[in-house]
Amino acid sequence: MTWHLIPCGPQDPLRVVVVGAGGMGRAWLAAVTASPEAELVGVVDLDLEAARRATADLGRLDLPLGTDVVTLAAEAGAQAVINVTVPAAHHSVTTAALFAGLPVLGEKPAADTMARALSLAAASEASGHLFMVSQSRRWNPHLFALRDMVKELGAIGTLTTDFFRAPHFGGFREEMPYPLLADMAIHAFDSARFLLDADPVAVHCSAYNPKWSWYDGDAAATAVFEMEGDVRYVYNGSWCSPGAETSWNGSWRVSGEKGSALWDGENEPVLVADVRPAERPRSPYSDIAGSLHAFVEALRTGAAPMGEVHENVMSLVMVEASVQSARTGQRVLVDEVLQQAHAAAVRAETRPEVREVLLGRR
Ligand SMILES: NC(=O)c1ccc[n+]([C@@H]2O[C@H](COP(=O)([O-])OP(=O)(O)OC[C@H]3O[C@@H](n4cnc5c(N)ncnc54)[C@H](O)[C@@H]3O)[C@@H](O)[C@H]2O)c1
C-alpha cells in the first residue's frame, strides 16, 4: 500500500507525540530524545501523573501533557504518534490517530486480537496513513547475521527457540489468560518469520501454568508450527522458570541440510557448517531505535518497512492460532484463523470506510 509522505529526517526531525508513559513508554521517550530524526513534542497518558513523572525523569517538564492523543497532537503540532499503551488500548488509540491524519508507530502486538489488528490494517488503508508495528527484537544485528547463515544452510528442517525466564512484572501481564504467548512469544514468532522468510501454515500448541506460577494465566507453552517450505518451527518457553535463564531473545538453533547455526540471543551467532555466509548489510540501529529509524525512512520514502501492519499481522496470527490450539487441543490451520478474524472484524467494525476496506470494496 502507499501512504502520505512526510519530508522528515535529521534536517527536519519528525515531530512525535508518545502515548503511554509506563515502563516501555519511558524507553520510547528516551529513544525519541536520542534520535536526530525525531523530536518529542508531547506525552499522553490516561494517568496524567504517570506522564508528569516520566517527563520529569527525562528532564523535560516543559513538554505538553494530555489524556487524549488527538487533542494533544493538534495542540503540539505533531506529525506522528508512537503508541505505547497497553495492548487493549492499541486499537482505539491507533484508529483515532490515523483518522486525525497522523501515521502511527505502535508497540507490539498490533492489537489485542487478530480481528482488531485486521481492522487497523484496513484503517491504515482507509486513512492513507502508515501504521507500522515496532517488533524491536527484529532489528538486532545478530539476528541479521543468523539470517545470513540460514541462507547458506540449504534446505531448512527445523528452527527452535528455547525461552526460559522468571520475571515478576505485576500489572496486565499477570492477569492475561496466555501471558507468555500473547505478550512475549510474539517476538520469537516474528523473528522466526524473518529468519525463514516464511509464513506459518498450521500449529499445534500446548499451554500450561506450572503449579508454582505467579501468573493467573498459562505462563508456559510449547508450540510446533508448520511453516511454508515444510519447515518446523518449535517454540518452547516459560515465564516462571527460575535458574539457568536464557537471554530475553531466547536461545536459537537452525538445523539445515548443510549444517546448523546456533544463537544464544546475546552474542554473535555461531555457524557449524562447511559454508561461508556472504556479508550482507545489517540493521544500522538495534532495538526500538531500529524501529524508529525505519518508521522515519518509510514516511520519507514510501518504502515498506519491516513491521508494516499488513506484514506484521502474520506474526500476530501465530499467537492467536497457538492460543486456539492450546484451548482446543487441536492442530489449527492459520488460514482458518485469518478467515475467522476477518469475519469478526467485519461484524465489529463501526467505521463505514474501514468496513468497506475490510469487505474489499475500496
Ligand atoms: N518491545 C518490547 O520489548 C516491549 C517491552 C515491554 C512492553 N512492550 C509493549 O509496550 C506496550 C506497553 O507496555 P508497558 O510495559 O509500558 O505497560 P505499562 O502498563 O507499564 O504502561 C502502559 C501505559 O499506558 C497507559 N494507557 C493505557 N490506556 C491508555 C489510553 N487509552 N490512552 C493513553 N494512555 C493509556 C497506562 O496508563 C500506562 O501508563 C505493550 O503493548 C507491551 O506489549 C514491548
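This is a predicted model: local features need pLDDT of at least 70, side-chain atom pairs count only at pLDDT 80 or more; totals for chains, interfaces and linings use all residues.
**Helix pair α7/α9.** I began with the contact list: L181, A182, I186, F189, D190 and R193 of α7 touch E311, N312, M314, S315, L316, M318, V319, S322 and V323 of α9, contact being heavy atoms within 4.5 Å. By class I get nine nonpolar, three polar and three charged residues in the contact of α7 with α9. For the classes, Ala, Val, Leu, Ile, Met, Phe, Trp, Tyr, Cys and Pro count as nonpolar, Asp, Glu, Lys and Arg as charged, and the others, Gly among them, as polar.

Residues are numbered from 1 along each chain as its sequence is written, and side-chain values use heavy atoms, leaving out hydrogens and water.

Next I looked up the geometry. The axes of α7 (residues 179-196) and α9 (residues 309-328) come within 9 Å and cross at roughly 125°. Axes here are lines fitted to C-alpha atoms, for helices over the stretch in contact, with angles from 0 to 180 degrees between N-to-C directions. Helices are DSSP runs (H or I, at least four residues), strands likewise (E, at least two), numbered from the N terminus. So α7 and α9 are oblique to each other; under 35 degrees is roughly parallel, over 145 roughly antiparallel, 65 to 115 roughly perpendicular, and the rest oblique. The crossing of α7 and α9 is right-handed, i.e. the near helix is turned clockwise from the far one by less than a right angle.

D197 sits in the loop between α7 and β8 (200-208). I noted its phi near 50°, positive though D197 is not a glycine.

**Helix pair α1/α8.** I find α1 (residues 23-34) packed on α8 (residues 287-301) at about 60°, axes 10 Å apart. That makes this pair, α1 and α8, oblique. M24, A27, W28, A31 and V32 of α1 meet I288, S291 and L292 of α8.

**Domains.** The assignment, automatic or from a database, gives domain 1 (14-137 + 287-308 + 338-358) and domain 2 (141-272). Their C-alpha centres are 26 Å apart. About 940 Å² is buried between domain 1 and domain 2, 60% of it from carbon and sulfur atoms; buried area is the accessible area (1.4 Å probe) lost on putting two parts together, summed over both. On the domain 1 side, K108, Q135 and R137 lose the most area to domain 2, together 66% of what that side buries.

**K108 again.** Which peptide bond is cis? The one from K108 to P109, with omega near -10°. P109 is in the loop between β5 (104-107) and α5 (114-127).
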